[in-house]
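Hi,

Here is the structure we talked about handing over. Please open it first, then read the notes below.

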Amino acid sequence: MKKLKIKKKIFFIKNTTFQKIHLTKFNILELSKQYEVYLIDLTGIFKGQVKFDRVKNYKNYIKINTIEKLYDLILINNPDLIIDMLGNNYLIRTLRIRNFFLKNNLNTLIMRRGLQPHIKFSLIERISINIKNPFYFIKSIYAYLTKHFFKFFFNNLIPKFYISSGYKGDNLRYKIKKYNFYSYDFELTKKKFFKKININNYAVFIDENIVFHPDYYNSNYPNSPATLKYYKSLQNFFTNFEKKYNLKILIALHPSTTKKVEKYFRNFLRFRDITNQLIKKSNLVFLHSSTAKHFAAIYKKPMIYLTSNEIKKSWFQTYINQNSNLFNSQIVNIDNLNFKIKKLNISKVKYQEFISNYVIHPKFRKENKNFLQIINEIIENE
C-alpha cells in the first residue's frame, strides 16, 4: 500500500486581517500546492480594526484572540516554518510571541519585502504635531521609552531566516541565513493580467483612503490628515485636469476603501485590486505617498504628488515632500485650480536608486532564487 505523504506546515502569523489581495501578494495560493498553509489572524490580540475585503472561504484561516490560544495552536500543529508578519515594533504582545518562538526553537522567517523610505520629521515639525495632538505625544513618549527598554533586554529576538528586497533592508539581524530578493510589488509585475482594460491615454490616481484609513486606529498615527472636504477638492481637480490635458482619470481604490467611501469617486471609473495593471498602461500617476510608487518606479512612469490646503497643515505633508524628493517629482495642490503640470520627464538615476534601495536587491541577480525555492531550501534544511 502506498504511503500517504503528509504535507509540511507553514504558518503565516499576522497582527492584522488577511485581505484577498494577500493570497497573491504573499504567494499563499502557490505555496498551498506543496504545503499545508495556515493564515493566523491576530487582530483580536492586537485590538486592531478589522480590515475591509477579508479573505473568506480559506479552510486554514484561523482567528485567534488570546496569546495562550496561539501558543496551543502552534504546539499542537508544530509548524515547519513560521512566517512572522507581526511588524517592526516593540509591543509587549509582539515580544511575548517572538520570545515563545525563540524558547521553542521554532523555524522563523521575517520578510522585508515591502521596504519603504523612513520619514524624518524636523524638530519643529515634531513639536507642532505633538502640540496639535497631545494624546499622540503621550503615546509617542511611551512608545519611544518601551522600544529602547525592550530593545536592550530582548535583543536576542531575531529570526532564523530573513528576506530583504533592497539595500535599505540590510540592517536586520538574523541567525542562520539572509536571502537577497525583491519586493512584493515587483513579484506582481511578473504575473499575468486577468482583467482586460480597453482604455488608453489616461492618468491613474492611487487612492490611499487618507480620511478613513484603518491604520489611524491600528497604529500610532497623529490623526487623519484630511476631512471630507478632501473628496470635493479631488473631484474638482480631476475634472479640471481631464478638460485641461485631455487625459482620462482612473481611480485605483485602496484595499481598505469601503463602498461607502467609494461613492466620493462616483464621477470617475474605479477599479479594485489591479493597481499594478493600471499603472503599467498609464501615462501618468497621481499619488500622495502610496507604496504603489514601487510600480511607477519599475515601469518608469512619471509621478505627481498631490497635496491640499488641509494636508499642507498636517503631518502628512512631510511624507509627500520626502517621497516626491526620491524621484524629483512635482507636487501639486488640488485646491489650486490654476495648477500647471510640468513636462513629464523622469530622473533615470533617481528611479534606479530607488529600485536598488527598496524594490530589487542588487545581489538578487547573482543568487536568482524564486520565493518557492527559498521556502523549499529553508524547510528542507531545518
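**Salt bridges and a helix pair**

E262 is buried, with a relative accessible area of 12%. That value falls under the 20% cut-off for buried. Keep in mind that this is a predicted model.

E262 has two partners to look at. One is K259: the two side chains meet in a salt bridge, 4.0 Å from N to O. K259 and E262 both sit in helix α11 (residues 259–262). They are three residues apart there, so about one helical turn separates them. K259 counts as exposed, at 59% relative accessibility. The cut-off for exposed is over 50%.

The other is R272. Its side chain meets that of E262 in a salt bridge at 3.2 Å, N to O. This pair links distant parts of the chain. E262 is in helix α11, while R272 is in the loop between β10 (269–271) and α12 (275–281). The two are 10 residues apart. R272 counts as partly exposed, at 22% relative accessibility.

Which residues do the shared partners join into one network? They are K259, E262, R270 and R272.

How many salt bridges does the structure hold? The count is 11. Among them is the pair K191 and E187, with the closest N and O atoms 3.8 Å apart. K191 counts as partly exposed, at 32% relative accessibility. E187 counts as buried, at 8%.

Now the helices. Helix α4 (residues 67–77) packs with helix α5 (residues 92–103). The angle is about 20°, and the axes are 11 Å apart. Angles under 35 degrees count as roughly parallel. α4 and α5 are therefore roughly parallel to each other. Their crossing is right-handed.

Which residues make the contact? From α4 they are I67, E68, L70, Y71, I74 and L75. From α5 they are R93, R96, I97, F100 and F101. By class, the residues of this contact divide into eight nonpolar, three charged and no polar.

If you check one thing by eye, take the network of K259, E262, R270 and R272. Then go to the contact of α4 with α5, with its eight nonpolar residues.

Best regards

Conventions. Residues numbered from 1 in each chain as written. Predicted model: local features only at pLDDT ≥ 70, side-chain atom pairs only at ≥ 80, totals over all residues. Heavy atoms only, no water. Axes fitted to C-alpha atoms, helices over the stretch in contact; angles between N-to-C directions. Helix = DSSP H or I, 4+ residues; strand = E, 2+ residues; numbered from the N terminus. Parallel < 35°, antiparallel > 145°, perpendicular 65-115°, else oblique. Left-handed = near helix turned anticlockwise from the far one by under 90°. Contact = heavy atoms within 4.5 Å. Nonpolar A, V, L, I, M, F, W, Y, C, P; charged D, E, K, R; others polar. Buried < 20%, exposed > 50% of the residue type's maximum accessible area, 1.4 Å probe, protein only.
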